[in-house]
Amino acid sequence: MLVLTAERFVTDRPMAPLRIPYTLVERVGSAVRLRIRAEELAAPPVEAWLRRNVIGRIPGADRASG
């Protein structure tokens with residue numbers, strides 16, 4: 001359901017599920033811990049669309065940290 005909703009907002013179709021290679025997984029427990037930082041992963045297409053079309057239109061959003 002989430003993928004179908006997300007496809008409505010992106011231009012690259014069909015949207016394949018994002019996959020993280022298991023070699024990057026450090027530990028699996030109640031949370032999954034990766035060997036790399038989240039910033040090193042590619043941004044999901046929906047996140048990029050939201051940054052460009054929603055968050056980017058908020059006054060001062062370009063000065064926000066994060």
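A residue is called buried when its relative accessible area is under 20%, exposed when that value is over 50%, and partly exposed in between. In this predicted model, glutamate 26, with a relative accessible area of 42%, is therefore partly exposed. Its partner in a salt bridge is arginine 33, the closest N and O atoms of the two residues lying 3.9 Å apart, and arginine 33, at a relative accessible area of 45%, is likewise partly exposed.

Side chains of opposite charge can pair when their charged atoms come close. The count of salt bridges in the model comes to 2, and another such pairing joins the side chains of arginine 37 and glutamate 39, with an N to O distance of 3.2 Å. Here arginine 37 is exposed, with a relative accessible area of 56%, and glutamate 39 is exposed as well, with a value of 59%.

Turning to valine 25, this residue belongs to strand 1, which comprises residues 25-28, and because its relative accessibility is 11%, valine 25 counts as buried. When its neighbours within four places in sequence are left aside, valine 25 is in contact with Val32, Arg33, Leu34 and Arg35, while its C-alpha atom is separated by 8.4 Å from that of isoleucine 36, a residue 11 places away along the chain.

A further feature is found at the surface, where Leu50, Val54, Ile55 and Ile58 form a nonpolar patch whose members together have about 320 Å² of accessible area. Of these residues, valine 54 lies in the segment that follows helix 2 (45-53), and its relative accessibility of 40% is why valine 54 counts as partly exposed.

Methods
Residues are numbered from 1 along each chain as its sequence is written. This is a predicted model: local features need pLDDT of at least 70, side-chain atom pairs count only at pLDDT 80 or more; totals for chains, interfaces and linings use all residues. Side-chain values use heavy atoms; hydrogens and water are left out. Patches are made of residues with over 30% relative accessible area and no salt bridge: like charges are joined within 9 Å, nonpolar side chains (Val, Leu, Ile, Met, Phe, Trp, Tyr) within 5 Å. Accessible areas come from the Shrake-Rupley method with a 1.4 Å probe; for residues, only the protein chains shown count as cover. A salt bridge is a side-chain nitrogen of Lys or Arg within 4 Å of a carboxyl oxygen of Asp or Glu. Helices (H or I, at least four residues) and strands (E, at least two) are DSSP runs, numbered from the N terminus. Buried means under 20% relative accessible area, exposed over 50%, partly exposed in between (1.4 Å probe, protein chains only). Contact means heavy atoms within 4.5 Å.
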